[in-house]
Amino acid sequence: MEKEILNKCLQYGATKAAIVSVDKITFDEKLRAYCEVDKCGHFGKNYACPPLVGNVNEVIAEAKRYKKALVYQTISDLEHSLDRKGMLNGMRYHDKVANKINKEIEQHFDKHLDLRAGPCTVCKECTAVINEACKYPDKKRASLEAYSINVSLLANECNMDYKYNERMVTYFGAFLLN
(Lines give C-alpha, C1' and ligand atoms only; values in the text may rest on other atoms or scores of the structure.)
Protein backbone atom coordinates (compact mmCIF):
# COMPACT_ATOMS: atom_id res chain seq x y z
CA MET A 1 0.00 0.00 0.00
CA GLU A 2 2.90 2.40 0.68
CA LYS A 3 4.07 2.21 -2.95
CA GLU A 4 0.54 2.93 -4.16
CA ILE A 5 0.25 6.03 -1.96
CA LEU A 6 3.69 7.29 -3.05
CA ASN A 7 2.69 6.85 -6.70
CA LYS A 8 -0.58 8.69 -6.06
CA CYS A 9 1.37 11.61 -4.56
CA LEU A 10 3.37 11.88 -7.78
CA GLN A 11 0.21 11.54 -9.90
CA TYR A 12 -1.38 14.35 -7.91
CA GLY A 13 1.55 16.67 -8.64
CA ALA A 14 4.12 16.17 -5.89
CA THR A 15 7.68 16.44 -7.17
CA LYS A 16 8.83 13.73 -4.76
CA ALA A 17 7.31 11.68 -1.96
CA ALA A 18 8.71 9.35 0.68
CA ILE A 19 7.65 7.50 3.79
CA VAL A 20 9.82 7.82 6.86
CA SER A 21 9.50 6.60 10.43
CA VAL A 22 8.44 9.41 12.78
CA ASP A 23 11.31 8.49 15.09
CA LYS A 24 13.68 9.62 12.30
CA ILE A 25 12.20 13.13 12.31
CA THR A 26 14.18 15.86 14.04
CA PHE A 27 12.02 18.01 16.31
CA ASP A 28 13.57 21.26 17.53
CA GLU A 29 11.54 23.41 19.92
CA LYS A 30 13.88 26.33 19.19
CA LEU A 31 12.22 26.65 15.76
CA ARG A 32 9.29 28.35 17.48
CA ALA A 33 11.49 31.45 17.80
CA TYR A 34 11.20 31.92 14.02
CA CYS A 35 7.42 31.98 14.34
CA GLU A 36 7.59 34.51 17.16
CA VAL A 37 9.40 36.95 14.85
CA ASP A 38 6.11 36.91 12.88
CA LYS A 39 7.44 37.64 9.40
CA CYS A 40 4.39 35.90 7.91
CA GLY A 41 1.91 37.87 10.01
CA HIS A 42 0.07 34.82 11.40
CA PHE A 43 1.60 34.51 14.87
CA GLY A 44 -1.32 34.57 17.30
CA LYS A 45 -3.76 35.16 14.43
CA ASN A 46 -4.29 31.60 13.17
CA TYR A 47 -5.37 28.60 15.23
CA ALA A 48 -2.87 26.38 13.40
CA CYS A 49 0.08 28.70 14.10
CA PRO A 50 1.96 29.38 17.31
CA PRO A 51 1.13 30.09 20.01
CA LEU A 52 -2.51 29.09 19.34
CA VAL A 53 -1.61 25.70 17.83
CA GLY A 54 -0.55 24.59 21.30
CA ASN A 55 2.35 24.32 23.66
CA VAL A 56 5.52 23.27 21.83
CA ASN A 57 6.05 20.18 24.00
CA GLU A 58 2.41 19.11 23.57
CA VAL A 59 2.44 19.34 19.76
CA ILE A 60 5.75 17.47 19.57
CA ALA A 61 4.30 14.74 21.81
CA GLU A 62 1.19 14.61 19.62
CA ALA A 63 3.30 14.16 16.48
CA LYS A 64 5.43 11.48 18.10
CA ARG A 65 2.31 9.37 18.77
CA TYR A 66 2.26 8.56 15.05
CA LYS A 67 4.45 5.85 13.52
CA LYS A 68 5.09 7.00 9.96
CA ALA A 69 5.18 10.19 7.95
CA LEU A 70 4.25 10.48 4.31
CA VAL A 71 6.45 13.41 3.25
CA TYR A 72 5.96 15.17 -0.08
CA GLN A 73 7.34 18.21 -1.81
CA THR A 74 6.36 20.52 -4.62
CA ILE A 75 8.74 22.78 -6.50
CA SER A 76 7.57 25.92 -8.25
CA ASP A 77 9.43 28.24 -10.57
CA LEU A 78 10.02 31.88 -9.74
CA GLU A 79 10.81 34.79 -12.06
CA HIS A 80 13.31 36.22 -9.53
CA SER A 81 14.23 35.84 -5.87
CA LEU A 82 11.61 38.33 -4.66
CA ASP A 83 8.78 36.99 -6.85
CA ARG A 84 6.06 37.15 -4.18
CA LYS A 85 3.32 36.31 -6.71
CA GLY A 86 5.27 33.24 -7.83
CA MET A 87 5.71 32.14 -4.21
CA LEU A 88 1.97 32.53 -3.53
CA ASN A 89 1.11 30.64 -6.70
CA GLY A 90 3.51 27.91 -5.62
CA MET A 91 1.85 27.76 -2.21
CA ARG A 92 -1.61 27.50 -3.83
CA TYR A 93 -0.35 24.69 -6.06
CA HIS A 94 1.15 22.94 -3.02
CA ASP A 95 -2.23 23.18 -1.24
CA LYS A 96 -4.05 21.70 -4.26
CA VAL A 97 -1.64 18.76 -4.31
CA ALA A 98 -1.99 18.36 -0.52
CA ASN A 99 -5.80 18.38 -0.74
CA LYS A 100 -5.72 15.57 -3.32
CA ILE A 101 -3.32 13.53 -1.20
CA ASN A 102 -5.49 14.19 1.87
CA LYS A 103 -8.52 12.67 0.12
CA GLU A 104 -6.45 9.58 -0.63
CA ILE A 105 -5.19 9.36 2.97
CA GLU A 106 -8.74 9.65 4.34
CA GLN A 107 -9.73 6.56 2.33
CA HIS A 108 -7.07 4.43 4.01
CA PHE A 109 -6.52 5.88 7.50
CA ASP A 110 -9.03 6.70 10.22
CA LYS A 111 -6.77 9.24 11.89
CA HIS A 112 -3.87 11.28 10.59
CA LEU A 113 -2.14 14.58 11.18
CA ASP A 114 -1.95 16.87 8.15
CA LEU A 115 1.06 19.20 8.35
CA ARG A 116 1.77 21.59 5.49
CA ALA A 117 3.73 24.62 4.43
CA GLY A 118 2.49 27.91 5.82
CA PRO A 119 -0.59 28.75 7.86
CA CYS A 120 -3.92 26.96 7.75
CA THR A 121 -5.98 28.18 4.81
CA VAL A 122 -9.21 26.23 5.36
CA CYS A 123 -11.00 29.52 6.04
CA LYS A 124 -10.40 32.71 4.08
CA GLU A 125 -9.70 34.45 7.40
CA CYS A 126 -9.08 32.58 10.63
CA THR A 127 -11.65 33.28 13.33
CA ALA A 128 -8.78 33.66 15.81
CA VAL A 129 -8.45 37.30 14.69
CA ILE A 130 -11.94 38.03 16.05
CA ASN A 131 -11.59 35.80 19.15
CA GLU A 132 -14.13 33.23 17.94
CA ALA A 133 -13.68 29.45 18.06
CA CYS A 134 -12.23 27.63 15.07
CA LYS A 135 -15.04 26.83 12.61
CA TYR A 136 -13.45 23.59 11.41
CA PRO A 137 -11.21 22.13 14.13
CA ASP A 138 -11.19 18.72 12.41
CA LYS A 139 -9.97 20.26 9.16
CA LYS A 140 -7.43 22.63 10.69
CA ARG A 141 -3.88 22.01 9.45
CA ALA A 142 -0.71 23.36 10.91
CA SER A 143 2.69 23.77 9.37
CA LEU A 144 5.61 21.42 9.87
CA GLU A 145 7.41 24.30 11.59
CA ALA A 146 4.51 24.91 14.00
CA TYR A 147 5.13 21.34 15.18
CA SER A 148 8.86 22.16 15.51
CA ILE A 149 9.90 19.86 12.67
CA ASN A 150 13.23 20.77 11.13
CA VAL A 151 12.22 20.70 7.46
CA SER A 152 15.73 20.80 6.01
CA LEU A 153 16.73 17.72 8.05
CA LEU A 154 13.43 16.03 7.15
CA ALA A 155 14.14 16.66 3.46
CA ASN A 156 17.60 15.17 3.88
CA GLU A 157 16.17 12.11 5.67
CA CYS A 158 13.81 11.60 2.70
CA ASN A 159 16.50 12.17 0.04
CA MET A 160 14.77 15.32 -1.15
CA ASP A 161 16.30 18.66 -2.05
CA TYR A 162 15.47 21.61 0.15
CA LYS A 163 15.77 24.39 -2.41
CA TYR A 164 15.06 28.05 -2.45
CA ASN A 165 16.91 30.21 -4.88
CA GLU A 166 16.13 33.07 -7.21
CA ARG A 167 14.45 30.72 -9.71
CA MET A 168 12.58 28.19 -7.54
CA VAL A 169 10.86 27.59 -4.25
CA THR A 170 10.26 24.22 -2.60
CA TYR A 171 7.35 23.52 -0.28
CA PHE A 172 7.02 20.48 1.99
CA GLY A 173 4.15 18.73 3.68
CA ALA A 174 3.65 15.54 5.66
CA PHE A 175 0.83 13.32 6.75
CA LEU A 176 1.60 11.58 10.03
CA LEU A 177 0.02 8.13 10.10
CA ASN A 178 -0.41 5.01 12.20
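Trainee: Which residues is serine 148 in contact with?

Mentor: Leaving aside neighbours within four places in sequence, serine 148 contacts Thr26, Phe27, Asp28, Glu29, Leu31, Arg32, Val56 and Ile60. Contact here means heavy atoms within 4.5 Å.

Trainee: Before I go on, what should I know about the source?

Mentor: This is a predicted model, where local features need pLDDT of at least 70, side-chain atom pairs count only at pLDDT 80 or more, and totals for chains, interfaces and linings use all residues. Residues are numbered from 1 along each chain as its sequence is written, and side-chain values use heavy atoms, with hydrogens and water left out.

Trainee: OK, zooming out. How many helices and strands does the protein have?

Mentor: There are five helices and six strands. Along the sequence, the pattern reads α-β-α-α-β-α-β-β-α-β-β.

Trainee: What is the radius of gyration of the protein?

Mentor: The protein has 15 Å, which agrees with the value near 16 Å that a compact globule of 178 residues would have. That radius is taken over C-alpha atoms, and the globule rule is 2.2 Å times the number of residues to the power 0.38. Along the principal axes, the C-alpha trace spans about 45 × 40 × 30 Å.

Trainee: What share of the residues is buried?

Mentor: Of the 178 residues, 44% count as buried. As for contacts between residues at least 6 apart in sequence, 77% join residues at least 24 apart.

Trainee: Now the core. Which residues have the most contacts inside the largest nonpolar core?

Mentor: Those are Ile25, Val71, Tyr147 and Leu176, in a core of 30 residues. A nonpolar core is a set of buried Ala, Val, Leu, Ile, Met, Phe, Trp, Tyr and Cys residues joined through side-chain atoms within 4.5 Å. At least two residues of this core come from each of strand S1 (16-21), helix H3 (56-64), strand S2 (68-77), strand S3 (112-116), helix H5 (151-157) and strand S6 (168-177). H3 gives the largest share, four residues.

Trainee: What does valine 71 touch?

Mentor: Not counting residues up to four places away in sequence, valine 71 touches Lys16, Ala17, Ala18, Val20, Leu154, Cys158, Met160, Phe172, Gly173 and Ala174. Apart from that core lies another, of 12 residues, including Val97, Ala98, Ile101 and Phe175.

Trainee: Changing topic: where is proline 51 found?

Mentor: Proline 51 is in the loop between helix H2 (32-37) and H3. With 44% relative accessibility, proline 51 counts as partly exposed. Leaving aside neighbours within four places in sequence, proline 51 contacts Phe43 and Gly44.

Trainee: Last one. Where does cysteine 123 lie?

Mentor: Cysteine 123 lies in the loop between S3 and S4. Its relative accessibility is 22%, so cysteine 123 counts as partly exposed. Not counting residues up to four places away in sequence, cysteine 123 touches Lys135 and Tyr136.

Note on methods:
Buried means under 20% relative accessible area, exposed over 50%, partly exposed in between (1.4 Å probe, protein chains only).
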